[in-house]
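Welcome, and thanks for taking a look at this one with me. Please have the sequence and the model open side by side as you read.

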Amino acid sequence: MAPKISIIVPVYKVEEYLHKCIDSILSQTLNDFELILVDDGSPDNCGTICEEYKKQDNRVRVIHKENGGLSSARNVGLDAAVGEYIGFVDSDDWINSDMYESLYNMCKNNSCDIAICTSNIHYKDKIVTRDTYPLTILNKGQAMREMLQGNFYDEVVWTKLFKKTLLEDLRFPEGIVYEDTAFTYKVIHKSERVCSIGKPMYNYVKRENSTMDQAIKNIRIDAVLIYDEMYGFMKENYIELSGLVAFKLANSAMVVLNLISYSRDITKHKHDYNRVAKILNKYFYQNITSPFFPKNVKVLLAFTKLYPASYRLLINTVVRRRGV
């Protein structure tokens, strides 16, 4: 008989955190689950640790594979999963003991396809918890809007429990970052009812605070490309939400343009700069008339539309004045 839940954990270079993560899953108050540990070619002792847990608990399954990244590991886990519902946990995080029992019962008691909780974000010197709120049940259109607005929840998969039938023809895109953003809206579209509660049951570890130098070193335009694709999807299926996507795209695009403008090696990123500016300009009308942007941001959008390089010059002028 298939378990109620399959919990998929990609594992890569997390030896310091792995025991706490796995122990928190194996101590769940709902014990009818399978735990799929996907060793993504980890070069440390993670693979051995996974095998030790497999010997100790027959709910644990271990898959060893060549390194392919987070999405690849999750997809391998999805291919192997047999549970009625699917959950995802990152291997450097941990969960409260009642998380999956709560989410499973929320789905069953309210005839929902997706259940969502909130999280505690653990920084080096503080813990940030989102506001609490009572059980809320939304149809897929309402749930899609909420995901984009982010008042109750956002697109991350690790606070969610999904009915497996929603995922049969969906997989995480590989080779990109922001894979959750590219995945979750498609799952919500296939659902009928989504329930969420403002109860922090997932513990996310912020392993390092981002710095400007690190951000510039790892400039990626994936979010812009994902929102560009999402806009077409929303325009076809949820036209009333397309403005929100254009807003999120513009924010992501301006972050990339800013980072490239800060960079000391602008020539290296010239192609990405021009590509992002071109995509941003596709949405000029939607964003220049958007109620979400203040006047000063709309001025920046106008600079980008009229002459993309002028945006970079303007940012550089601000940087010099501030001594960044």
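1. A word on the basis. This is a predicted model, in which local features need pLDDT of at least 70 and side-chain atom pairs count only at pLDDT 80 or more, while totals for chains, interfaces and linings use all residues. Residues are numbered from 1 along each chain as its sequence is written, and side-chain values use heavy atoms, with hydrogens and water left out.

2. Start with a pair of helices (DSSP runs of H or I, at least four residues, numbered from the N terminus). Helix α5 spans residues 140-149 and helix α9 spans residues 242-262; their axes lie 10 Å apart and meet at an angle of about 20 degrees. The axes are lines fitted to C-alpha atoms over the stretch in contact, with angles from 0 to 180 degrees between N-to-C directions. The angle therefore makes α5 roughly parallel to α9, a term for angles under 35 degrees.

3. Which residues make the contact between α5 and α9? From α5 come Arg145, Leu148 and Gln149, and from α9 come Leu244, Val245 and Lys248; contact here means heavy atoms within 4.5 Å. By class, this contact has 3 nonpolar, 1 polar and 2 charged residues. Ala, Val, Leu, Ile, Met, Phe, Trp, Tyr, Cys and Pro count as nonpolar, Asp, Glu, Lys and Arg as charged, and the others, Gly among them, as polar.

4. Next, look inside. The largest nonpolar core has 60 residues, and Met144 and Met234 touch the most other members. Such a core is a set of buried Ala, Val, Leu, Ile, Met, Phe, Trp, Tyr and Cys residues joined through side-chain atoms within 4.5 Å, where buried means under 20% relative accessible area (1.4 Å probe, protein chains only). Helix α9 gives the most to this core, with 12 residues. Apart from it lies another core, of 38 residues, including Leu18 and Tyr53.

5. Beyond its neighbours within four places in sequence, methionine 234 is in contact with Met144, Leu148, Tyr185, Ile239, Ser242 and Val245.

6. Is histidine 189 buried or partly exposed? Histidine 189 sits in helix α6, residues 179-190, and counts as partly exposed because its relative accessibility is 22%, between the limits of 20% and 50%. Not counting residues up to four places away in sequence, histidine 189 touches Lys140, Met144, Phe233, Asn237 and Tyr238.

Technical notes:
Helices (H or I, at least four residues) and strands (E, at least two) are DSSP runs, numbered from the N terminus. Angles under 35 degrees count as roughly parallel, over 145 as roughly antiparallel, 65 to 115 as roughly perpendicular and the rest as oblique.
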